[in-house]
Amino acid sequence: MSNAEQIWDLESIFPGGSSSPELQMQLEAVRTQIAALQAQVEALTSGLTLEQLKTLVHDMQDVQINLGQCRAFVSCLTAQNVRDNKAKLLQGDLGQIGASLAGVFTAIDHIFVSIPEEKWQSFLEDGELKELKFALNERRDVAKIKMSPELESLVTDLEVDGYHAWSHLYYTIVGDMSIEMELAGKPQTLSMGQAANLLSSPDPKVRQGVFEKYEQAWSEKAELFASTLNHLAGFRINLYKNRGWDDVLSEPLQRNRMERATLDAMWAAVQGGKPHLVKFLERKAEILGLDQVAWCDLWAPVGDAGKEIPLAEAKTFVVDQLRKFSPDIADFTERAIAKRWVEAEDRGGKRPGAFCTSLPLSKESRVFMTYSGTISSLGTLAHELGHAYHGYVLKDAPLFLRRYAMNVAETASTFGELLVVDGAIGAASTPEEKLGILEDKIGRSVSFFMDIHSRFLFETRFYDARKKGLVSAAQLNELMAGAQKEAFLDSLKEYHPHFWASKLHFYSTGVPFYNFPYTFGYLFSAGVYARAKAEGQGFAQNYARLLADTARMSVEDLAKKHLGVDLTKPDFWEAAVKLATDDVEEFLQLTQK
Ligand SMILES: [Zn+2]
């Protein structure tokens, strides 16, 4: 395949990369728009007419579309070349613009709150605003339960050198950490990310060796990170207390537009599926020649990873699998590939990981990844193209109705990935290859059902303890290992007590409780996939309509409307969990002696 087919087209968005004059013009236009919006807000002395509200709502979305276009473009630049210093400066500019816009939005939200209830609801019956009712009510409701605009803006100011600073400090220290190890007879210095990757090495000595050093490295920083985690949590608890929020889960649940009963029903179904995964871990131990699987063996490969799949073949395979379900999705995906929305080249200087970003102004998407020819790389390609399809379905909706939450964000991506991975299992040329793909797939269920559940248990318990006072590093270890033991049904030989120090998500100030939305997303998508398998192509239209509604209602309403199910009840979740346990049954059969 020629080079040009592996790299994406960014020139048609803003020509000239990080030196693009067109990009500078767009940024200047956004700054002007924000200043105009600010002036508009200041000019509103008392009361707000329907026309003024409509103008505000229109302008809020318009400026976000224009800013979003720049943001997406710059994120592509920084990903494709980590040494693009101009792109880094642009990122800084965007941060500042974003902060000034957030300030104006906070002021606007409080104007919304100040409108008397009856008047507000009558405004929302207006033709143009009616469609946005959900989004506008949500904005106003969230602003209502916060403190006064003066206090909230003080919080935002203080967060920069307090809350967020603790998080930045953590990331900086982790970036500097390394492990010295002898690999294949040569001494090597590994970053923490590289070390973590070695935990999926087929060599048990490498896995154990790395894991010991890995735990050791985190334990050396345990006091430092324990105090960081305590201050982050302390900040959050105090802020919640001042806002009058007594449950630490209220913010994450609200952000994910879901009810507590839904979360409980989901975990209950997960719990019911776990004994199957324990059987899987037992069989995996046998295959690996171990008496019991330890934490460091969880990602050890089993079976054969299969032959290398060239990128061109992978693209065709993805499109062919999608076509079996929906010709529309297949056609869209084919066009996205032909228009070079995908950056997949395996070269140095690229950021690790994969993502899909949508360009709200040009109504396109871009997919970023480093394609390596493995089955998991093929899955990633399908995953990211699934995100692109989600963006495509939403592209003509008002911006406020394109903002889906984290828990439904993975619906289309996981769906596409499941479709393609199952296709690959069906197309495997040897039993060993089939086993390898299946094992990789079940490994993801282990992560979502057990590992992420342990993070949820840990974080909930940690917050309870933190409310009473500081929690020591030793106590954190105890809480973590205890949560892991419980979430894995006591099935591992050894746990990872310093996991709390190593997991970046615990230190994120952008997303509180960065855990259960993952499991939700995976199972929600699996449940939709189960329905698609049962109903076949006839479900494709429903599927597109469901995706189109992901940012227009609560997840409970979404499921009721498009799947006819009640997410607060176990049925839907149990059907989704069963897909994973069926995989385990197949694995057990395939590996029976
Ligand atoms: Zn994703």
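Buried means under 20% relative accessible area, exposed over 50%, and partly exposed in between (1.4 Å probe, protein chains only). The model is predicted, so local features need pLDDT of at least 70 and side-chain atom pairs pLDDT 80 or more, while totals for chains, interfaces and linings use all residues. Residues are numbered from 1 along each chain as its sequence is written, and side-chain values use heavy atoms, without hydrogens and water.

**Exercise 1.** State which residues coordinate the zinc ion and how accessible Glu-410 is.

Solution. 
1. Donors are N, O and S atoms within 2.8 Å of the metal (3.2 Å for Na, K and Ca); water is not among the atoms, so sites may look incomplete.
2. The donor residues follow the spacing H-x3-H-x22-E.
3. Glu-410 is partly exposed at 24% relative accessibility, whereas His-387 is buried at 12%.

**Exercise 2.** Find the salt bridge between Asp-396 and Lys-363 and classify both residues by accessibility.

Solution. 
1. A salt bridge is a side-chain nitrogen of Lys or Arg within 4 Å of a carboxyl oxygen of Asp or Glu.
2. For Asp-396 and Lys-363 the N to O distance is 2.9 Å.
3. Asp-396 is exposed at 53%; Lys-363 is partly exposed at 38%.

**Exercise 3.** Determine whether Arg-236 is buried or exposed, and which side chain of opposite charge is nearest.

Solution. 
1. Lys and Arg count as positive, Asp and Glu as negative; His and the chain ends are not counted.
2. Arg-236 is buried and has no salt bridge.
3. The nearest side chain of opposite charge is Glu-459, 4.6 Å away.
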